[in-house]
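Dear colleague,

My notes on what was found in it follow directly after.

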Amino acid sequence: MRPQWVLDQLRKRTAELALPRIGLHDLRHTAASIMIAEGIPIAIVSKPLRHSTLATTINLYGHLFKDSADQAVNALARALDQAQPNRLRALPRGDDDLPLAA
């Protein structure tokens, strides 16, 4: 499809429905935002956007993940609350537990 034809069709259809005038880039951002809101992994979201790297997608849409850090902390807290104390093992502290170099 030619981009101009798609844009013309978008403008025609939105005018017929008395919707605000939007551009193709607006639809692109809307699609990405919806995918992120639905929990689609960022690696998948970046594919139809044709970003060359995940960093590009994250730089543009990272603000939409504001709840992700809270969700991660809550998931970790739930896992720790459910952990059986006798199944946890101590982690080494400092260099004392590391083997000496020869």
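Leaving aside residues up to four places away in sequence, Ala-32 touches Val-45, Leu-49 and Tyr-61. Please bear in mind that this is a predicted model. These four residues, together with Ile-36 and Ile-42, form the largest nonpolar core, which has six residues in all. Two helices, α2 (residues 24-37) and α3 (residues 42-49), each supply at least two residues of this core. The most is given by α3, with three residues. As general background, nonpolar side chains in soluble globular proteins tend to be buried together.

As to the overall fold, the protein chain contains five helices and zero strands. Along the sequence this gives the pattern α-α-α-α-α. The chain has 102 residues, of which 12% count as buried. Its exposed surface comes to about 8,800 Å², and carbon and sulfur atoms supply 59% of that area. Among contacts between residues at least 6 apart in sequence, 18% join residues at least 24 apart.

The geometry of α2 was also checked against expectation. With 14 residues at 1.5 Å a residue, α2 should span 20 Å, and its end C-alpha atoms are 20 Å apart, so the two values agree. Just after α2, Gly-39 takes a positive phi of about 85 degrees.

Two further backbone positions deserve a look when you open the model. Most residues other than glycine have a negative phi. Ala-18, although not a glycine, has a positive phi of about 55 degrees. This alanine, Ala-18, lies in the loop between α1 (residues 3-16) and α2. Is Ala-18 buried or exposed? Its relative accessibility is 67%, and because the cut-off for exposed is over 50%, Ala-18 counts as exposed.

Arg-50 is found in the loop between α3 and α4 (residues 54-61). Its relative accessible area is 74%, and therefore Arg-50 is exposed as well.

With kind regards

How values were computed
Residues are numbered from 1 along each chain as its sequence is written. This is a predicted model: local features need pLDDT of at least 70, side-chain atom pairs count only at pLDDT 80 or more; totals for chains, interfaces and linings use all residues. Side-chain values use heavy atoms; hydrogens and water are left out. A nonpolar core is a set of buried Ala, Val, Leu, Ile, Met, Phe, Trp, Tyr and Cys residues joined through side-chain atoms within 4.5 Å. Buried means under 20% relative accessible area, exposed over 50%, partly exposed in between (1.4 Å probe, protein chains only). Helices (H or I, at least four residues) and strands (E, at least two) are DSSP runs, numbered from the N terminus. Contact means heavy atoms within 4.5 Å. Accessible areas come from the Shrake-Rupley method with a 1.4 Å probe; for residues, only the protein chains shown count as cover. The expected span of a helix is 1.5 Å times one less than its number of residues.
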